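Q: I would like to learn how to read pockets, cavities and cores in a model. Could you take me through them?

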Amino acid sequence: MSPNRQSMKKYSQDELAVFLRYSGVFSACDQAEIDYILSQTKTYHYKNETVIAHREDIGDQVRFVIKGSLNVVATSLDGKEVRLPPIGPHRWMGWMSCFDSQALSHDWVATAKSDVIVVPGVVIRKLCENNPDLYPKVMAEINRQFKLLMNWTEFVSLHSLNARVRMLINILSQISATPMDDKPGWLQVDVTQEHLASFLNLSRQTANKLLVKLEKDDYISIGYRKILINADKLPNLTS
């Protein structure tokens, strides 16, 4: 991974305003508040996979993925790297760090060819101070992501490998996938098999066997640096 090498990316104010509406927090803001947010927003492009926030940094930002993805990467004392399922396009993350001054316990990594919007934490705090009705909406964003994390932790800790990989596909469909225009009913996640194995904390060979089994049952389709998810079969995946 590269150090934090980034370039500014130009999007129109109208495009940025549309991206803000993907959050329940910003959707509740009036036009004056939206204009203020846009005046403080920066958008970055990452040509290569890049660490954009290091362990022991203070987060204090919310980020929106326009394209590409953001990954939480944890490293053990012996140097083993484990990734959590990625945050994919058209999703916001980082709300808790705006109200928590503790240092990060992990790295945030942008995948290659990612475009990311950054809104400083001070902007979020000012918005909430001026409009307290936004606090419950921020809490809802935090709660939604926390519930997914707890579900993932439960399955990794308590369930079989088959159940674990099924839950991974379910979570990827919620936080990583984008609908496919050329294949209605299917979702696409841009991810390598190496990273899929890391999410599962398994060897690549073991992870691949589990994924191939789901592919035979038409839950997924495995491609080069991507996985396709059959949205119609998602309700049966973790039942």
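A: Gladly, starting with pockets. On a 1 Å grid over the protein atoms alone, a pocket is an open set of points with protein on both sides within 12 Å along at least five of seven lines, while a cavity is a set where a 1.4 Å probe fits but cannot get out; lining residues have an atom within 4 Å of a point. Grid points are joined across faces, edges and corners, and a volume is the space filled by probe spheres set on the points. This is a predicted model, where local features need pLDDT of at least 70 and side-chain atom pairs pLDDT 80 or more, while totals for chains, interfaces and linings use all residues. Residues are numbered from 1 along each chain as its sequence is written, and side-chain values use heavy atoms, without hydrogens and water.

Q: What volume does the largest pocket have, and which residues are closest to its centre?

A: The largest pocket has a volume of about 1,100 Å³. Its lining has 38 residues, with Val72, His106, Trp108, Gln145 and Leu149 the closest to the centre.

Q: Which helix gives the largest share of that lining?

A: Helices (H or I, at least four residues) and strands (E, at least two) are DSSP runs, numbered from the N terminus. H5 gives the largest share of this lining, 8 residues. Among the other elements supplying at least two residues are strand E4 (61–67) and helix H6 (161–175).

Q: How do the lining residues divide by class?

A: Ala, Val, Leu, Ile, Met, Phe, Trp, Tyr, Cys and Pro count as nonpolar, Asp, Glu, Lys and Arg as charged, and the others, Gly among them, as polar. The largest pocket has 21 nonpolar, 11 polar and 6 charged lining residues. For the second largest pocket, with about 490 Å³ of space, the division is 7 nonpolar, 10 polar and 6 charged.

Q: How many cavities of 30 Å³ or more are found?

A: The search finds 1, and about 30 Å³ of space lies in the largest cavity. Its lining includes Val191, Leu196, Arg225 and Ile227.

Q: Which residues have the most contacts inside the largest nonpolar core?

A: A nonpolar core is a set of buried (under 20% relative accessible area, 1.4 Å probe, protein chains only) Ala, Val, Leu, Ile, Met, Phe, Trp, Tyr and Cys residues joined through side-chain atoms within 4.5 Å. Here the largest has 43 residues, and Trp108, Leu196 and Ile227 are among those with the most contacts inside it. H6 gives the most to this core, 8 residues. A second, separate core of 25 residues includes Phe19 and Trp95.

Technical notes. Buried means under 20% relative accessible area, exposed over 50%, partly exposed in between (1.4 Å probe, protein chains only).
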